[in-house]
Amino acid sequence: MTHRFVPFAAPLAAALLLAGCSLVPDFVLPDPPVPAAWPDGPAYRSPPATSVSAPAPAGTDPARSADAIGWREVMRDPKLQKLIETALANNRDLRVAMLNVQSAEADYRAQRGDLFPTISGSGSASWSRVPAATTSAGSALGKTAGVESRSYSAGIGFTSYELDLFGRVRALTEQAFEQYLGYEETRRSTQISLVAQVATGYLTLLADRSLLDLTRQTLDSQNASYQLTRKSFEAGNATELTLRQAQTSVDSARANLALYTRQVAQDENALALLLGQPLPQDIASGASLDAQPVLTDLPAGLPSSVLLRRPDVMAAEHNLRAANADIGAARAAFFPSLTLTARAGTAASGIQSLFAPGSSNWSFAPSLNIPIFSAGVNEANLDLAKVRKDIQVATYEKTVQTAFREVADALAARSTYDDQIAAQQSLVDAYARSYQLSEMRFRSGADNYLTTLDAQRSLYSAQQTLISLKAARLENLVTLYKVLGGGWQ
């Protein structure tokens with residue numbers, strides 16, 4: 001049967017050999033519009049050896065790129081690792097990002113299918129009967145009975161297959177492929193962001209729990225002072241002003257207790273949303289900001305070129321490549337297009353002779369379309385494709401600039417948080433001693449209660465700030481991991 005397809009197979013093969021021209025412009029990636037090195041200055045010096053973060057794991061190469069470091073190497077707390085694992089398995093945003101990748105991959109395969117003819121087989125049969133008088137043959141023979149006819153056919157072929165003479169279909173296929181790769185990078189970015197969000201949410205929860213515990217301790221202390229002051233007032237040894245001053249301190253701590261109780265509950269709800277399921281029972285106890293190292297620090301000395309491997313930057317690059325390919329498709333619209341329709345098979349009046357010798361038939365119908373006048377549509381489409389590429393160039397450059405700014409901010413914070421925490425710790429120690437001395441002077445009658453109250457409030461405020469700074473220092477390591485294009489192994 002193969003000899004039946006020869007009449008149109010040879011012209012088709014020749015046309016396919018001619019198809020190879022591409023009008024897609026040569027792609028040139030814009031130079032990164034950022035310095036080759038990170039900013040320098042007092043804010044960017046290396047952090048001191050003493051740090052709230054854990055030491056780097058044994059065997060860690062400082063020269064390793066941040067995007068080659070797995071999140072487990074950065075997020076060292078076992079409970080945090082368990083939360084991240086749960087989020088990666090159940091988070092709905094990540095699931096949508098993965099489905100978007102599958103959708104884009106299916107779109108690419110569908111577009112790639114246009115490069116090849118769609119071959120299909122067909123078979124048909126027809127029976128008919130007409131009065132003899134309505135046919136010339138029947139009238140000439142004087143027949144009165146009806147004339148019956150039967151026909152059968154079987155064949156294989158394709159319809160309206162466009163030969164890609166000027167690369168239009170290949171350009172559209174390349175565009176779909178680059179869009180698919182862009183969605184894959186977006187999925188990776190979503191995954192890294194999810195890891196960072198869970199870590200930040202966990203640290204926020206630990207910080208608010210520490211603030212809640214501090215507030216409980218402060219309330220107990222202030223309530224004890226208030227009870228002593230009330231007894232002194234009832235004995236006539238203290239004024240009502242002193243009593244009311246002590247009461248304001250207690251009421252302020254009670255208000256903060258309600259505040260931090262609410263924030264802890266909201267922190268847990270936010271984590272549950274990221275995890276895609278209720279929080280584990282053991283998350284409510286155990287770890288604290290000071291109880292154990294939560295994170296390990298990241299390697300220093302990375303060049304700014306590491307930003308080009310950030311998922312969002314790579315996604316912007318793929319979008320730019322897709323826009324570049326679209327120009328090739330727009331250019332091809334100015335040139336002729338050749339469409340082929342072909343069929344080969346067999347036909348007979350009886351099914352028993354359908355495949356008999358001499359029953360073969362075939363058809364081959366090329367169609368050439370030459371653009372002559374389009375009222376400026378093709379020109380407009382080409383201009384639109386070029387503008388869209390320029391938009392993607394600007395988007396790519398802005399993405400790189402934004403990435404550079406985010407890393408520079410994180411590096412500045414990384415180098416200054418330790419000094420700020422050390423200073424704040426010294427301030428807490430000084431306020432604690434001041435409160436202790438002022439309370440002794442008040443109990444001995446050497447000073448009024450207002451001095452004690454001010455010292456107590458200052459100590460409480462300084463302790464709150466210290467907890468917030470410790471949390472911010474750890475959260476900055478999470479941010480630095482994320483903005484450097486963190487690993488996701």
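The following legends describe close-up views of a predicted model. Local features need pLDDT of at least 70 and side-chain atom pairs count only at pLDDT 80 or more, whereas totals for chains, interfaces and linings use all residues. Residues are numbered from 1 along each chain as its sequence is written, and side-chain values use heavy atoms, with hydrogens and water left out.

**View 1. Helix H8, residues 311–332.** Helices are DSSP runs (H or I, at least four residues) numbered from the N terminus. H8 has 22 residues and spans 32 Å from its first C-alpha to its last, close to the expected 32 Å (1.5 Å times one less than the number of residues). Of these 22 residues, 17 are buried (under 20% relative accessible area, 1.4 Å probe, protein chains only).

**View 2. Helix H8 beside helix H9, residues 377–443.** The two axes come within 9 Å and cross at roughly 170°; axes are lines fitted to C-alpha atoms over the stretch in contact, and angles run from 0 to 180 degrees between N-to-C directions. H8 is therefore roughly antiparallel to H9 (an angle over 145 degrees). Residues of H8 that meet H9 include Val-313, Ala-316, Leu-320 and Ile-327, and those on the H9 side include Leu-382, Ala-385, Val-393 and Ala-403. Contact means heavy atoms within 4.5 Å. By class, this contact has 12 nonpolar, 5 polar and 7 charged residues (Ala, Val, Leu, Ile, Met, Phe, Trp, Tyr, Cys and Pro are nonpolar; Asp, Glu, Lys and Arg are charged; the others, Gly among them, are polar).

**View 3. The largest nonpolar core, with 36 residues.** Such a core is a set of buried Ala, Val, Leu, Ile, Met, Phe, Trp, Tyr and Cys residues joined through side-chain atoms within 4.5 Å. Met-75, Leu-83, Val-198, Leu-271 and Leu-289 have the most contacts inside it. Helices H2, H3, H6, H7 and H10 each give two or more residues, and H6 supplies the largest share, 14 residues. Leaving aside neighbours within four places in sequence, Leu-83 is in contact with residues including Val-198, Tyr-202, Leu-271 and Ile-283. Apart from this core lies another, of 17 residues, among them Leu-302, Ala-316, Ala-403 and Leu-484.

**View 4. Gln-424 in helix H9.** Gln-424 counts as buried, at 12% relative accessibility. Not counting residues up to four places away in sequence, Gln-424 touches Ala-462, Thr-465, Leu-466 and Leu-469. The C-alpha atoms of Gln-424 and Gln-463 are separated by 8.4 Å, although these residues are 39 residues apart along the chain.

**View 5. Gln-464 in helix H10.** Gln-464 is buried, with a relative accessible area of 16%. With residues up to four places away in sequence not counted, Gln-464 touches Leu-211, Leu-214, Asn-256 and Tyr-260.

Key. Buried < 20%, exposed > 50% of the residue type's maximum accessible area, 1.4 Å probe, protein only. Parallel < 35°, antiparallel > 145°, perpendicular 65-115°, else oblique.
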